[in-house]
Amino acid sequence: MTIKLSEIEYPSNSLDLAQQIRIHAIKMVAQSNSSHIGSSLSMADILAVLYMDVLRVDPKQPDWPERDRFILSKGHAAAGLYAVLALRGFFPMALLKRFCQEGSLLLGHVSHHVPGVELSTGSLGHGLPVGCGMVLADKREEKSHRVFVVLSDGECDEGSNWEAALFAAHHKLDNLVAIVDANELQGFGRVDEVLKLAPLAEKWRAFRWAVREVDGHDHQALKTLLNQAPFEPDHPSLVLAHTIKGKGVSFMEDQLAWHYKSPNPEQLSQALKQLGEKR
Ligand SMILES: Cc1ncc(C[n+]2csc(CCOP(=O)(O)OP(=O)(O)O)c2C)c(N)n1
């Protein structure tokens, strides 16, 4: 189902939004011959639920002071974030066609010049520390909006995350919600082979975070869980979201190659067909 606003049809529920995120991200990556489509597809459901059912944001006032903050720390998945922001009306859909083109606002890694983006990211390991600072500042000013940070599992190799985890627990940053998009693949191999993280939930618990695990493609479960955060008073919240890299396109699912590969025209039309794109 869609809501018609002027000539643009915006998705009106998270499932449709997720499908549209996937469709647009694939088109953007194919058109610009760029990378990281698997990374956008794994988190598409998480972004859709956040932007449809969880975050208090106003696309017409991206800088509304009372808004919840969202940081995509895995900034290489910029195509997915730009797609959801455009689909929620933060900026014109037409801009998506300029993704990764010379002179475009939409850089290949997340840029804070884009309406709705809080922080430029791409160098992994920075989103959570900045999120800590935002929540600490809010706490001191007695403000109550939440800060959501999406990390990747491979990103948990960065030591800065564990400093931030200590810091957040110490300062009782309970308005901080970190979501790990745990798709079990990173750039050059399986997370388990490159640098084993397991047991990841236990590690976060040991750092005194309130931890919940969820199927990162189950919209109802994500919606219920994310709206419950903070899970425990005085503790930051960690959602370990189990996902599949490349989710939604059969030949990309759980395939390492799609971290860097860009779809050729034939693969693009196959992917769009699987996603139900009407052309
Ligand atoms: C500090 C830093 N080191 C290395 C990179 C290069 N790099 C880009 S994506 C990536 C890994 C991707 O795997 P993961 O972090 O698990 O994210 P996913 O795409 O699977 O969600 C790496 C190492 C980077 N962006 N930043």
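**View 1. Ring pairs tie W162, W204, F207 and W209 together into a cluster.** What you're looking at is a predicted model, and this close-up picks out four aromatic residues linked by their rings. Across the structure there are 8 aromatic pairs, and the next views zoom in on two of them.

**View 2. Y51 and F90 make an edge-to-face pair.** Check out the ring planes here: there's an angle of 90° between them, and the ring centres are 6.3 Å apart. Where in the chain do Y51 and F90 sit? Y51 belongs to helix α2 (residues 37–54), while F90 is in the loop between α3 (78–87) and α4 (127–140). They're 39 residues apart, so this pair links distant parts of the chain.

**View 3. Y51 and F90, buried or exposed?** Y51 has a relative accessibility of 4%, so it counts as buried. F90 comes in at 9%, which means F90 is buried as well.

**View 4. W162 and W204 form a tilted pair.** Their ring centres lie 4.7 Å apart and the planes meet at 40°, so the pair goes down as tilted. This is another link between distant parts of the chain: W162 is in helix α5 (residues 159–170) and W204 is in helix α7 (residues 200–206), 42 residues apart.

Methods
Residues are numbered from 1 along each chain as its sequence is written. This is a predicted model: local features need pLDDT of at least 70, side-chain atom pairs count only at pLDDT 80 or more; totals for chains, interfaces and linings use all residues. Side-chain values use heavy atoms; hydrogens and water are left out. Rings of Phe, Tyr and Trp (its six-membered ring) pair if their centres lie within 6.5 Å; planes under 30 degrees apart count as stacked, over 60 as edge-to-face and the rest as tilted. Helices (H or I, at least four residues) and strands (E, at least two) are DSSP runs, numbered from the N terminus. Buried means under 20% relative accessible area, exposed over 50%, partly exposed in between (1.4 Å probe, protein chains only).
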